[in-house]
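This briefing is meant to be read beside the sequence and the model.

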Amino acid sequence: MAESLATQLMTEVVPALDRSGGKVTVVGVGQVGMACAFSLLTQNICSELALVDVMADKLMGEMLDLQHGLTFLKNVKINASTDYAVTAGSKVCIVTAGARQREGESRLSLVQRNTDIFKNIIPNLIKHSPDTILLIVSNPVDILTSVAQKLSGLPNNRVFGSGCNLDSSRFRFHLSQKLNVAPSSIHGWIIGEHGDSSVPVWSGVNIAGVRLREVNPEIGTKEDPEKFNEVHKEVVNSAYEIIRLKGYTSWGIGLSVSSLVSSIVKNQRRCCVISTNVKGHHGIKEDVFLSLPCVLGENGVTHVIHLTLTTQEITQLQQSAKTLHEVQAGLQL
């Protein structure tokens, strides 16, 4: 038998490895899942990408479409299958699958439908990647992150949700529009629920170390003549408005997720506002997941930042915890 072209072209020194340490899985190839995948690829964050979905034709189509563009990117290995075996050895598993949020529907109303979907997804991911870190994106993200932690049995540091990372980015963007300063130069957090009861930490918003509340003590309140309190309303309504206009959200959350994954696979140890178990923080007694600034590295969530909050902000955060806990109490796992 004649030698193959590859054998004639080059001499093997050692067999090539078929797996790398930078593998990331995305479950769900809808608009959000593909925005996450595209952001990961174009920012050169992962060395291997696995896609999983129940819709085989769409899954294969998305895989081929991405593979055909690899000439213009780094040589990332891209695979896709309806079989979770394709996810084996993943450093991070991103879960975006679930029922889509309808126009005018709150995130909390999605909860039981998506919980039932998770009962199939989470155990299969852990089966093939027992050392993985789970990043939950599906809504309602805070409750589903708690569901994922219980279904997986993983420690809290290895299960977190995208939470208010995007909300905080929206917050900084809207402030940047009012102040004509780059969003990256504005430091401010949205904490609590990724949703209607989120809490803007006006007491800590600063630019170059200058706290805006020291310049304008009324900022964020109803008494503020410049009506900065409208900024948080815009943040809360952002997803609803985008869904009304284009039917779904995608690019913002895709960029947010890729930033979180980068902090893990590159051990960047950046502070991100993500959904983590908050029991014991700021007087919260309920076993719930909510967003607080956390240090995110190669082994997941290593630290939760002790924010200095006002009494009002703490009260709002505690109320958010109670609201989610009441919903969780009715879940059938």
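**Cysteines and overall fold**

The chain has 0 disulfides, a disulfide being a pair of cysteine sulfur atoms within 2.5 Å. The model is predicted, so local features need pLDDT of at least 70 and side-chain atom pairs count only at pLDDT 80 or more, whereas totals for chains, interfaces and linings use all residues. Residues are numbered from 1 along each chain as its sequence is written, and side-chain values use heavy atoms, with hydrogens and water left out.

**Cysteines**

- The closest cysteine sulfur to that of Cys46 belongs to Cys36 and lies 11 Å away, which is too far for a bond.
- Cys46 is buried, with a relative accessible area of 3%; buried means under 20% relative accessible area, exposed means over 50%, and partly exposed lies in between (1.4 Å probe, protein chains only).
- Cys93 is likewise in no disulfide, and its nearest cysteine sulfur, that of Cys46, is 12 Å away.
- Cys93 counts as buried, at 0% relative accessibility.

**Overall fold**

- The chain contains 10 helices and 14 strands; these are DSSP runs numbered from the N terminus, with helices (H or I) of at least four residues and strands (E) of at least two.
- The radius of gyration is 21 Å, close to the 20 Å that the globule rule gives for 333 residues, so the chain is as compact as a globular protein of that length.
- That radius is taken over C-alpha atoms, and the globule rule is 2.2 Å times the number of residues to the power 0.38.
- Along the principal axes, the C-alpha atoms fill a box of roughly 85 × 45 × 40 Å.
- Of the 333 residues, 50% count as buried.

**Strand pairing**

- Strands of a sheet pair through backbone hydrogen bonds, either parallel or antiparallel; here two strands are taken to pair if DSSP finds at least two bridges between them.
- Strand S4 (residues 92-95) runs parallel to strand S1 (residues 23-27), and 4 bridges join the two.
- Val95 in S4 is the bridge partner of Val27.
- S4 also pairs with strand S5 (residues 133-136), in the parallel sense and over 4 bridges.
- In that pairing, Val92 stands opposite Ile133 in S5.
- In a regular strand the side chains alternate between the two faces of the sheet.
- In S4, Val92 and Ile94 point one way and Cys93 and Val95 the other way, and all are buried.
- A separate topic is an open sheet of 3 strands, which has the order S7-S10-S11 and antiparallel pairing.
- Its edge strands are S7 (186-187) and S11 (210-211), each of which pairs on one side only.
- S7 pairs with S10 (residues 206-207) over 2 bridges in the antiparallel sense, and His187 stands opposite Asn206 in S10.

**Pockets**

- The largest pocket holds about 720 Å³ of space.
- On a 1 Å grid over the protein atoms alone, a pocket is an open set of points where a 1.4 Å probe fits, with protein on both sides within 12 Å along at least five of seven lines; lining residues have an atom within 4 Å of a point.
- Grid points are joined across faces, edges and corners, and a volume is the space filled by probe spheres set on the points.
- The largest pocket is lined by 37 residues, and Val32, Thr96, Gly98, Ala99 and Arg100 lie nearest its centre.
- Helices H2 (31-42), H4 (111-128), H6 (165-179) and H8 (229-246) each supply at least two residues of this lining, and H4 gives the largest share, 4 residues.
- The lining of the largest pocket divides into 17 nonpolar, 16 polar and 4 charged residues; Ala, Val, Leu, Ile, Met, Phe, Trp, Tyr, Cys and Pro count as nonpolar, Asp, Glu, Lys and Arg as charged, and the others, Gly among them, as polar.
- The second largest pocket has a volume of about 400 Å³.
- Among its 15 lining residues, Trp202, Gly220, Thr221, Gln312 and Gln316 are the closest to its centre.
- H8 and helix H10 (311-329) each supply at least two residues of the lining of the second largest pocket, which divides into 2 nonpolar, 8 polar and 5 charged residues.

**Backbone features**

- Asn139 and Pro140 are joined by a cis peptide bond, with omega about 0 degrees.
- Pro140 lies in the loop between S5 and helix H5 (141-152).
- Asn44 is not a glycine, yet has a positive phi of about 55 degrees.
- Asn44 sits in the loop between H2 and strand S2 (48-52) and is partly exposed, with a relative accessible area of 37%.
- His282, also not a glycine, has a positive phi of about 55 degrees and is found in the loop between strand S12 (270-277) and strand S13 (289-297).
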